[in-house]
Amino acid sequence: MNKPNSYRSGPDERGHFGIFGGRFVAETLMPLILDLEKAYTAAKADPAFHAEMKGYLRDYVGRPSPLYFAERLTEHLGGAKIYLKREELNHTGAHKVNNVLGQIMVARRMGKKRIIAETGAGQHGVATATLCARFGLECIVYMGAVDVARQAPNVFRMEMLGAKVVPVQSGTRTLKDAMNEALRDWVTNVHNTFYCIGTVAGPHPYPMMVRDFQCVIGEETRTQMQEAEGRLPDSLVACIGGGSNAIGLFHPFLDDPSVEIFGVEAAGHGLTQLHAASIAGGRPGVLHGNRTYLLMDADGQIQDAHSISAGLDYPGIGPEHSWLHEVGRVNYLSATDDEALDAFLLLSRLEGIPPALESAHAIAKVMELAPKRPKDHLMVVNLSGRGDKDIPQISEILKGRKQ
Amino acid sequence: MTTRIDTRFAELKKEGRSAFVTYVMAGDPDLATSLEIVKALPKAGSDVIELGIPFTDPMADGPSIQAAGLRALKGGMTLKKTLDLVRAFRKDDNFTPLVLMGYYNPIYIYGVDKFLADARTAGVDGLIIVDLPPEEDDELCIPALKAGLNFIRLATPTTDDKRLPAVLANTSGFVYYVSIAGITGAAAADANAVGEAVARIKRHTQLPICVGFGIRTPEAARAIAEKADGSVVGTALVDALKNSLDSEGRATAKTVNAVAELTAALAQGVKGAKQAAE
């Protein structure tokens with residue numbers, strides 16, 4: 001494949017990143033998707049929109065999030081100098097709020113009063129419930145019944161914030177089925193409803209719009225690293241389910257060839273067993289409005305994903321990641337459930353920061369990559385969410401390990 | 001090019017009646033029973049058959065058709081076997097139009113060119129692919145038309161006059177008007193609103209217009225038949241099938257008849273309709 005002039009110019013006007021992306025949706029939704037594209041394009045060009053976003057990002061979300069030098073982790077691993085981008089310190093405890101704020105601002109401009117969302121770990125659901133409370137909007141969150149059980153603290157939080165959480169019983173009862181159910185709601189209530197998608201997937205313009213809202217992560221990192229070290233970082237590491245925290249960190253650095261970039265998928269029990277690593281174990285197909293790498297069988301039926309982390313438990317990945325993989329700009333690695341759990345414990349004990357199980361996948365690969373790099377190598381890892389929500393699940397697993 | 005679909009609608013126009021279109025899921029609950037059901041449909045009064053391609057993630061379908069797809073997949077159904085089913089049906093019936101309805105991914109994975117060639121040979125007349133709007137016509141619609149298959153587009157209550165020409169541009173065979181904003185089997189369609197919508201679409205096309213989503217009874221089918229060139233029933237037939245299964249979800253001696261009897265009752269409803277106003 002030819003090297004493009006810029007890795008940051010996509011998608012094209014039809015929403016394609018190479019062969020990936022597009023608008024594979026039912027006709028009922030198509031007019032609304034075109035309206036959304038128009039509304040987002042107008043917002044993007046409107047300085048008032050950006051000023052409003054900036055105000056809420058600072059005073060409500062708490063941005064900029066710190067870029068923190070993880071001194072003890074660096075010492076322990078004995079190689080690269082490791083910085084954590086502290087997205088877990090945002091209001092609601094993850095990077096998800098950056099995107100939700102943007103979409104809610106767009107929904108308000110479109111006059112939509114009913115917001116629906118899908119959620120896996122519950123972080124996107126919590127962020128959506130939070131901003132709906134703040135702006136007085138009705139909020140319905142679809143969540144797989146399996147995830148409702150393993151992420152109970154976030155379910156309580158959403159309900160406390162006034163959202164209605166609908167446990168989804170169809171299919172595998174995880175994130176992909178929550179997304180199917182949200183799409184079914186949207187088809188049914190298309191006139192008054194805004195679908196707030198939680199990741200860089202779905203039909204165009206979602207992958208582009210969500211990416212744009214998450215790019216604040218990488219843009220801040222650039223400035224903060226300049227202030228701390230007077231130069232660009234040498235490498236970036238982030239976990240990937242759909243891939244919104246990763247693209248947000250990566251995108252502003254895609255055209256800096258000196259920056260090595262690593263995305264970490266969830267390898268579950270291992271790549272030869274049940275896992276959620278679409279790039280490592282999948283191939284291009286069409287689901288949820290876009291063409292991208294998917295886990296599926298020989299007949300094109302979507303396969304069950306598995307990850308210890310509900311937020312990564314999805315058989316696909318954002319289409320821009322599929323493209324970045326094919327053009328070779330980003331290296332996609334994977335970490336198993338066990339590796340993520342070890343990373344969770346290590347970061348908790350060395351830095352006093354329990355990461356979300358999702359983000360622990362990125363830490364797991366830092367544990368492999370950092371020791372092989374020189375001491376003047378600057379490595380940034382996106383700490384996309386905090387681990388509080390995972391503590392009940394982890395304590396169960398650790399109890400099991402002891403026995 | 002004239003397909004079985006074109007011929008059938010021309011015949012019905014001569015007879016002065018509206019078409020009765022039936023939807024069942026291929027391989028539900030197993031391949032052999034499903035073939036018997038498809039064979040029984042024309043005898044029971046179905047003018048056009050829509051055959052669902054099972055898919056794990058049918059985002060526009062309600063619980064009944066979702067479950068039908070999962071039953072078929074559990075029974076080992078694939079796209080290749082769906083084409084085998086069509087081929088077996090065509091041994092005895094070379095007239096009833098047959099349309100495959102489903103989602104794009106299984107076709108994309110099968111390979112578009114190979115699929116179109118195999119579908120044509122098997123005796124498929126047209127395709128309805130829910131997640132391929134006109135914006136993605138290059139994927140399958142244009143190649144299908146070149147291969148001699150009709151590509152039947154869905155028009156919906158959200159498809160306004162400005163958008164209709166784009167939706168109709170590469171549509172052939174008939175137009176499938178989705179009578180409600182929603183998923184299959186959800187709400188009932190209001191016949192008067194449907195009449196207005198059909199009249200609106202007719203201002204943009206000469207193609208026959210069939211109406212589906214939300215039609216469950218002979219009375220409802222008759223009301224729609226008076227307003228449109230055809231009415232489509234799916235969920236009600238799938239439910240009749242499901243209610244005939246044993247507790248393990250397997251076919252019983254009643255299964256084929258359960259679908260055939262409801263088809264016959266619905267067909268009577270359609271045939272009792274006054275001719276749609278031209």
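Leaving aside neighbours within four places in sequence, which residues is A:Cys215 in contact with? The partners are A:Gly248, A:His251 and A:Pro252. Two residues are in contact if their C-beta atoms, placed from the backbone, lie within 7 Å.

This is a predicted model, in which local features need pLDDT of at least 70, side-chain atom pairs count only at pLDDT 80 or more, and totals for chains, interfaces and linings use all residues. Residues are numbered from 1 along each chain as its sequence is written, while chains are lettered from A and ligands numbered from 1 in the order in which they are written.

Stay with A:Cys215 for a moment. The residue sits in the loop between helix 9 (206–214) and helix 10 (216–229) of chain A. Helices (H or I, at least four residues) and strands (E, at least two) are DSSP runs, numbered from the N terminus. A:Cys215 is partly exposed, because 18 other C-beta atoms lie within 10 Å. The cut-offs are these: 20 or more other C-beta atoms within 10 Å of a residue's own make it buried, 12 or fewer make it exposed, and partly exposed is in between, with C-beta atoms placed from the backbone. A:Arg349 is 134 residues from A:Cys215 in sequence. In space the two are 30 Å apart, C-alpha to C-alpha.

Now look at a helix pair in chain A. Helix 2 (residues 47–61) and helix 4 (residues 96–109) of chain A pack at an angle of about 140°. Their axes are 11 Å apart. Axes are lines fitted to C-alpha atoms, for helices over the stretch in contact, and angles run from 0 to 180 degrees between N-to-C directions. The two helices of chain A are therefore oblique to each other. Angles under 35 degrees count as roughly parallel, over 145 as roughly antiparallel, 65 to 115 as roughly perpendicular and the rest as oblique. Helix 2 of chain A passes helix 4 of chain A in a right-handed crossing. A crossing is right-handed if the near helix is turned clockwise from the far one by less than a right angle, and left-handed if anticlockwise.

Which residues of helix 2 of chain A meet helix 4 of chain A? They are A:Phe49, A:Glu52, A:Met53, A:Tyr56, A:Leu57 and A:Val61. Helix 4 of chain A answers with A:Val97, A:Asn98, A:Leu101, A:Gly102 and A:Met105. By class, the contact has eight nonpolar residues, two polar and one charged. Ala, Val, Leu, Ile, Met, Phe, Trp, Tyr, Cys and Pro count as nonpolar, Asp, Glu, Lys and Arg as charged, and the others, Gly among them, as polar.

The loops of chain A hold some backbone details. The peptide bond from A:Arg63 to A:Pro64 is cis, with omega near 0°. A:Pro64 lies in the loop between helix 2 and strand 3 (67–69) of chain A. The bond from A:His204 to A:Pro205 is also cis, with omega near 15°. A:Pro205 is in the loop between strand 8 (193–195) and helix 9 of chain A. A:Thr92 is not a glycine, yet has a positive phi of about 80°. Its loop runs between strand 4 (81–85) and helix 4 of chain A. A:Thr92 counts as buried, because it has 25 C-beta neighbours inside 10 Å.

Next comes the interface. Here 28 residues of chain A are in contact with 34 residues of chain B. Strand 2 (20–24), helix 1 (30–44), helix 8 (175–188) and strand 11 (283–287) of chain A each supply at least two residues of the side that touches chain B. Helix 8 of chain A gives the most, with six residues. That side of chain A has 13 nonpolar, nine polar and six charged residues.

The chain has 12 helices and nine strands. Of its 278 residues, 58% count as buried. Along its principal axes, the C-alpha trace of chain B spans about 50 × 40 × 35 Å.

Helix 2 (residues 31–43) and helix 12 (residues 255–271) of chain B pack at an angle of about 25°, with their axes 9 Å apart. These two helices of chain B are therefore roughly parallel to each other. B:Thr33, B:Glu36, B:Ile37, B:Ala40 and B:Leu41 of helix 2 make the contact with B:Thr255, B:Val256, B:Val259, B:Ala260 and B:Thr263 of helix 12.
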